[in-house]
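This report describes selected features of one protein model. Please consult the sequence and the structure shown below while reading.

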Amino acid sequence: MIGFNKPYLTGNETKYITDAVASGKISGNGKYTQLCQQFFENRYGFGKCLLTTSCTDALEMAAILIDIQPGDEVIMPSYTFVSTANAFVLRGAKIIFADSYVDNPNIDASKIEALITPKTKAIVPVHYAGVACDMDLIMELATKYNLFVVEDAAQAIDSFYTGKDGIKKALGSIGHLATFSFHETKNIISGEGGMLTINDMQFADRAEIIWEKGTNRAAFFRGEIDKYGWVDIGSSFLPSEIIAAFLWAQLECLDIIQKRRKEIWNMYYNGLTDSRFSFTCPNIPKYASNNAHMFYINFKSLKDRTHAIELLKKNGVNAVFHYLSLHKSPFYSAKYHGKTLPNADLFSDTLLRLPMFFELANDNVSSIIHILENE
Ligand SMILES: *Cc1c(COP(=O)(O)O)cnc(C)c1O
């Protein structure tokens, strides 16, 4: 049986966890948290990084930071994970779902402007499969209408966007705020885990307070103030050092992990790009890089996809699909009064994710390609 995902361990995870435990500091914001945050800030040019217990938590922090109030509108794709929306719904926002492109699951940026109203507060682009959204256009709209941009970069570690100015920027460094996930299904993992990046530094001090349960404890431990207390709303968004130690072992191997994932991705792409097939391969816009988070194919219909899943299963391969459009979800459909979103629905019905993980052998990739060739 070829599984869909297998979390990869670099070998140093338990060593660093043991070290964290032995150090006597196992709560959050210790040595390993600092190491990880500095790594990200230095490598990707993020303004300030705060590790969180999940990307979901980082999104919730973002919603608090931009001061979402009941009735505020937040524009995001419908074809995304529930957390993208939940974080803003929790603060009373009204979600305005936008459609995907016809040939790319990302939010169709050319359709955003028509959705902006005086109540719009933020745009939340999701870099699906680690492939960049059209950030020049999204940031232009944000400037024009005075909106915040929160990048949901859960899948987008080590991926880039090249703007019209020719400058290549890391995803997560462009919006006012951005969020990442280190869930075991992502490229870099810590079991559960995430990160908030703050690029608009007006949010930096308050972010740290929200992260530490609404207290100024972090400033107190740095010796900047002589006592700490309750100064804002907040929650326990920071992970323990045990999680950060695990993550540090992963970050040391980031280049090795990315190299292998890209090899697998390219094998799939080269083997499955052919007009005689009944499915298409991902379309990566010129401005986007590929971080090999996911390899997916798109069928012409739900029926074709169902057939392929069965065929793969019969041959011992576990391929999965995801994201029923959020505007059609049991929770939101009755609240949704917007237009139909045909492309989001299309991806819900036709997108199939193939096994994609560091230890997937070339032989296995070849046999999956072979099964699909005869689909
Ligand atoms: C994985 C994922 C999340 C949630 O990440 P967690 O770390 O599990 O909370 C949010 N948004 C997108 C697009 C994701 O892929």
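## A parallel pairing of strands

In strand 5, phenylalanine 148 is the bridge partner of alanine 122. Strands here are DSSP runs of E with at least two residues, helices are runs of H or I with at least four residues, and both are numbered from the N terminus. Strand 4 pairs with strand 5 (residues 148-152) in the parallel sense, over two bridges; two strands count as paired if DSSP finds at least two bridges between them. Alanine 122, in strand 4, also stands opposite valine 74. Strand 2 (residues 73-77) and strand 4 (residues 120-123) run parallel and are joined by three bridges.

The model is predicted: local features need pLDDT of at least 70, side-chain atom pairs count only at pLDDT 80 or more, and totals for chains, interfaces and linings use all residues. Residues are numbered from 1 along each chain as its sequence is written, and side-chain values use heavy atoms, with hydrogens and water left out.

Three strands form an open sheet in the order 10-11-12, with antiparallel pairing. Its edge strands, each pairing on one side only, are strand 10 (279-280) and strand 12 (351-354). Strand 11 (residues 295-299) is joined to strand 12 by four bridges. Tyrosine 296 has arginine 353 of strand 12 as its bridge partner. In a regular strand, the side chains alternate between the two faces of the sheet.

## The ligand and its surroundings

Which residues come nearest to the ligand? Of the 15 residues around the ligand, these are Cys55, Thr56, Gln155, Ser181 and Lys186; a residue is near a molecule if one of its heavy atoms lies within 4 Å of it. By class, the shell holds five nonpolar, eight polar and two charged residues. Here Ala, Val, Leu, Ile, Met, Phe, Trp, Tyr, Cys and Pro count as nonpolar, Asp, Glu, Lys and Arg as charged, and the others, Gly among them, as polar.

A polar side-chain atom of glutamine 155 lies 2.8 Å from an oxygen atom of the ligand. For lysine 186, an N or O atom of the side chain is 3.3 Å from a ligand oxygen atom. The protein covers 93% of the 380 Å² of accessible area that the ligand has on its own, as computed by the Shrake-Rupley method with a 1.4 Å probe.

## Aspartate 255

Aspartate 255 belongs to helix 9 (residues 254-272). Aspartate 255 and alanine 62 are 193 residues apart in sequence and 29 Å apart in space, C-alpha to C-alpha.

Conventions: A polar contact is a pair of N or O atoms within 3.5 Å; within protein, one must be able to donate a hydrogen and the other to accept it, and residues adjacent in sequence count only if both atoms are side-chain atoms.
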